[in-house]
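Subject: Handover of a structure and the findings on it

Dear colleague,

Please find below the structure that I am handing over to you. My notes on it follow directly after.

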Amino acid sequence: MDAAAERCNRLKLFLVRHGETDANKEGIIQGQSDWPLNDEGRRQAEFLSIKLKNDKFDRIITSPLSRAKETAEILARNNNSFSSTIEEDPLLMERNFGPFQDKPRTRLHLAGETSYGIEPLIHVRQRANSFFSHLCSESVFDEASSSDTLNVLIISHGGLMAELFHHLCRDFNCDLKQYKKQQYTVSPNTGLSIIDVVVGQKSVEVECVLLHDVSHLAGANGRTQCDM
């Protein structure tokens with residue numbers, strides 16, 4: 001086996017939940033209904049873009065839903081080095097809540113999350129797993145590059161991201177114990193998480209560096225909604 005084949009691929013994943021929407025603000029279930037950002041959500045994304053403006057991103061991948069796409073566009077536009085095309089991946093879409101989409105969250109609480117027409121949670125987990133697996137398999141590095149780490153900014157949704165973290169903890173022993181308050185919660189709007197990934201020939205190692213951080217909103221009187 002030559003040196004190139006033995007080389008481990010390294011990924012740094014910047015995981016971001018989209019900014020606020022009117023549905024978040026009003027306690028309405030969005031799911032895969034296409035709500036845009038509201039003014040507060042755009043402001044949240046602008047604050048996060050200031051935090052990330054000097055980070056170099058090799059790829060930006062977003063859910064195709066408007067609230068995630070617009071968040072991605074704000075982050076890309078204000079970044080000092082990103083000049084590629086934003087990628088869209090339907091695997092990153094929020095859970096489909098069927099007939100409960102665009103309805104108050106209280107209706108879902110009364111009916112239960114296994115009601116007819118709602119995407120089974122196992123399907124959401126499979127989408128999250130597939131996205132991470134594809135990302136690892138696509139991690140091809142330029143031998144002439146000065147860096148051996150691929151930085152990927154990912155914009156998605158609270159429910160999908162929760163299942164992705166579940167996958168990383170269960171299947172890759174990603175330790176979130178240091179984040180006791182956040183590890184079982186849905187990321188707030190524009191919450192930032194950072195995951196270091198080492199992709200070897202036969203194994204994948206995962207380490208959580210940051211979880212659901214909203215320090216960019218400190219002092220901004222920003223809301224941090226967790227509804228889906």
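The notes below cover the fold, the nonpolar cores, a strand pair and the salt bridges.

This is a predicted model, in which local features need pLDDT of at least 70 and side-chain atom pairs count only at pLDDT 80 or more, while totals for chains, interfaces and linings use all residues. Residues are numbered from 1 along each chain as its sequence is written, and side-chain values use heavy atoms, with hydrogens and water left out.

Overall fold

The chain contains 7 helices and 6 strands, where helices (H or I, at least four residues) and strands (E, at least two) are DSSP runs numbered from the N terminus. Read from the N terminus, the order of elements is α-β-α-α-β-α-β-α-α-β-α-β-β. Of the 228 residues, 49% count as buried; buried means under 20% relative accessible area, exposed over 50%, and partly exposed in between, with a 1.4 Å probe and protein chains only. The accessible surface is about 11100 Å², and carbon and sulfur atoms hold 49% of that area; the areas come from the Shrake-Rupley method with a 1.4 Å probe, and for residues only the protein chains shown count as cover. Among contacts (heavy atoms within 4.5 Å) with a separation of 6 or more, 79% are between residues 24 or more positions apart.

Nonpolar cores

A nonpolar core is a set of buried Ala, Val, Leu, Ile, Met, Phe, Trp, Tyr and Cys residues joined through side-chain atoms within 4.5 Å. The largest one has 27 residues, and those with the most contacts inside it are Leu11, Leu13, Phe132, Val152, Ile154, Ile195 and Val197. At least two residues of this core come from each of β1, α6 (121-137), β4 (149-156), α7 (158-172), β5 and β6. Helix α6 gives the most, with 6 residues. A second, separate core has 15 residues, including Val16, Phe57, Ala68 and Phe82.

Strands β5 and β6 (residues 204-213) pair in the antiparallel sense over 7 bridges; two strands pair if DSSP finds at least two bridges between them. A hairpin of 4 residues joins β5 to β6. Within this pair, isoleucine 194 stands opposite leucine 210 in β6.

Salt bridges

The structure holds 13 salt bridges, each being a side-chain nitrogen of Lys or Arg within 4 Å of a carboxyl oxygen of Asp or Glu.

In one of them, aspartate 196 is joined to lysine 12, with the closest N and O atoms 2.8 Å apart. This pair links distant parts of the chain, since aspartate 196 lies in β5 (residues 192-199) and lysine 12 in β1 (residues 9-17), 184 residues apart. Aspartate 196 is partly exposed at 25% relative accessible area, and lysine 12 is partly exposed at 23%.

Arginine 59 forms a salt bridge with glutamate 87, the closest N and O atoms being 2.7 Å apart. Here too distant parts of the chain are linked: arginine 59 is in strand β2 (residues 59-62) and glutamate 87 in strand β3 (residues 87-88), 28 residues apart. Arginine 59 counts as buried at 17% relative accessibility, whereas glutamate 87 is partly exposed at 28%.

Salt bridges with shared partners also join Asp39, Arg42 and Glu70 into one network.

Yours sincerely
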